[in-house]
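Dear colleague,

I am handing over the structure that we talked about, and my notes on what was found in it follow below. Please keep it open while you read.

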Amino acid sequence: MIRGFFQLLLLFVIVFYGNSLYAQADSLVIPLWKNGAPGFENRKNEPEEAKDYWVKNIHNPTITVYFPPAGTSNGTVVLICPGGGHRLLVYKAEGVEPAKFLNKLGITAVILKYRLAREPNSPYSLEIHNWQDAYRAMRLVRSHCAEWKVDSSRVGMLGFSAGGEVVDAIAFASGKGNPASPDPIDRLNGKPDFIMQIYPGPLNIPDSIPQNAPPAFLLAANDDACCSVTVVSLLEKYRKAKVSVEAHILAHGDHGFNMGYRSSLQSVKTWPQLLANWLIDNKLISQAAIQ
């Protein structure tokens, strides 16, 4: 019995350290950095806290990959940034649920667990570590595109609330990697090819949108005191730059309606269909994907 235990333990070590990833039910979890986040390697093994809908105490940021059913992948991949005010991550309703929705459309979905700058006693900064995690996650996804059989020119981001601020942190810069980096992942492009923002927070909105900004889908409720203004601001800047954008302002819904599954409002319950339509119109999925 003891021998069998050590054989299983050895197998786990080989799988984990040989591939730098591990399976978790129907998903795949990959640390952003093998040895832990730069400058915080000593906190790599601190356990996360998770309960009900949220996750926090994230010191070893990761991506979790959800693959569409076999034979249905259409080559598009989306990195999802859940919200939570940078104090926690609304991981189930703004991570797992949108991932499974995207899987049904044939999209490979990747959830980012980024470090939380506003969590009590956090050592992290909104001006540094959100950007660092987002860029690293995008580059890590691109490094796996061939393996996952997805198109490296169809790598998008989906952000909710504070997660939208993480998206905006990198969406409008060049995203060019460092060609001299000893880590090949850091040489890759970190700029998303398209973005989808659901009631995004107000941080990281640039004064103007560059003409090479990624096409955008924007959505919020008019009675969202926090974030409907963000959508209007982004829409105006996109229009001024003459960059492709689609925006929806729902009459009601307030903030934090997630995928709309628990709302009694018809417009909120059905907003994911608007997103699916946009993905079809931008040739990121096929019409057959939503039949």
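Two aromatic rings of Phe, Tyr or Trp (for Trp, its six-membered ring) are called a pair if their centres lie within 6.5 Å, and the pair counts as stacked when the planes are under 30 degrees apart, as edge-to-face when they are over 60 degrees apart, and as tilted for the rest. By that rule, Phe-160, Tyr-199 and Phe-257 form one aromatic cluster.

Before going further, please note that this is a predicted model, in which local features need a pLDDT of at least 70 and side-chain atom pairs count only at pLDDT 80 or more, while totals for chains, interfaces and linings use all residues. Residues are numbered from 1 along each chain as its sequence is written, and side-chain values use heavy atoms, with hydrogens and water left out.

The pLDDT is the predictor's confidence in each residue, from 0 to 100. The protein chain averages a pLDDT of 92, and 90% of the residues score at least 70. Over residues 1-25, however, the pLDDT is below 50, although this stretch has 18 contacts in the model beyond near neighbours in sequence, where a contact means heavy atoms within 4.5 Å. Where pLDDT is low, the predicted coordinates should not be read in detail.

Returning to the rings, the structure holds seven aromatic pairs. One of them joins Phe-172 and Tyr-238, whose ring centres are 6.2 Å apart and whose planes stand at 70 degrees, so this pair is edge-to-face. Because Phe-172 lies in the loop between α5 (162-171) and β9 (194-198) and Tyr-238 lies in helix α6 (residues 228-241), the pair ties together parts that are 66 residues apart in sequence. Here helices (H or I, at least four residues) and strands (E, at least two) are DSSP runs, numbered from the N terminus. Both Phe-172 and Tyr-238 are buried, where buried means under 20% relative accessible area, exposed means over 50%, and partly exposed is in between (1.4 Å probe, protein chains only).

The rings of Phe-194 and Trp-278 also have their centres 6.2 Å apart, but their planes are at 55 degrees, so this pair is tilted. Phe-194 lies in strand β9 and Trp-278 in helix α8 (residues 271-281), so the parts tied together are 84 residues apart in sequence. Both Phe-194 and Trp-278 are buried.

Lys-56 lies over the face of Trp-54, at 4.9 Å from the ring centre, and Lys-113 lies over the face of Tyr-91, at 4.9 Å from its ring centre.

Just after α8, Lys-283 takes a positive phi of about 60 degrees.

A nonpolar core is a set of buried Ala, Val, Leu, Ile, Met, Phe, Trp, Tyr and Cys residues joined through side-chain atoms within 4.5 Å. The largest such core has 83 residues, and those with the most contacts inside it are Ile-63 and Leu-279. Leaving aside neighbours within four places in sequence, Ile-63 is in contact with residues including Leu-28, Ile-30, Leu-79, Ile-111 and Trp-148.

How are the strands β2 and β6 covered? In β2 (residues 27-31), five of the five residues are buried, with Ser-27, Val-29 and Pro-31 on one side and Leu-28 and Ile-30 on the other. Strands count as paired if DSSP finds at least two bridges between them, and β2 and β5 pair in the antiparallel sense over five bridges, with Leu-28 opposite Val-65 in β5. In β6 (residues 77-81), five of the five residues are likewise buried; Val-77, Leu-79 and Cys-81 point one way, and Val-78 and Ile-80 the other. Strand β6 pairs with β7 (residues 108-113) in the parallel sense over four bridges, and the bridge partner of Ile-80 in β7 is Ile-111.

With best wishes

Definitions and conventions:
Lys NZ or Arg CZ within 6 Å of the ring centre and 35° of its normal.
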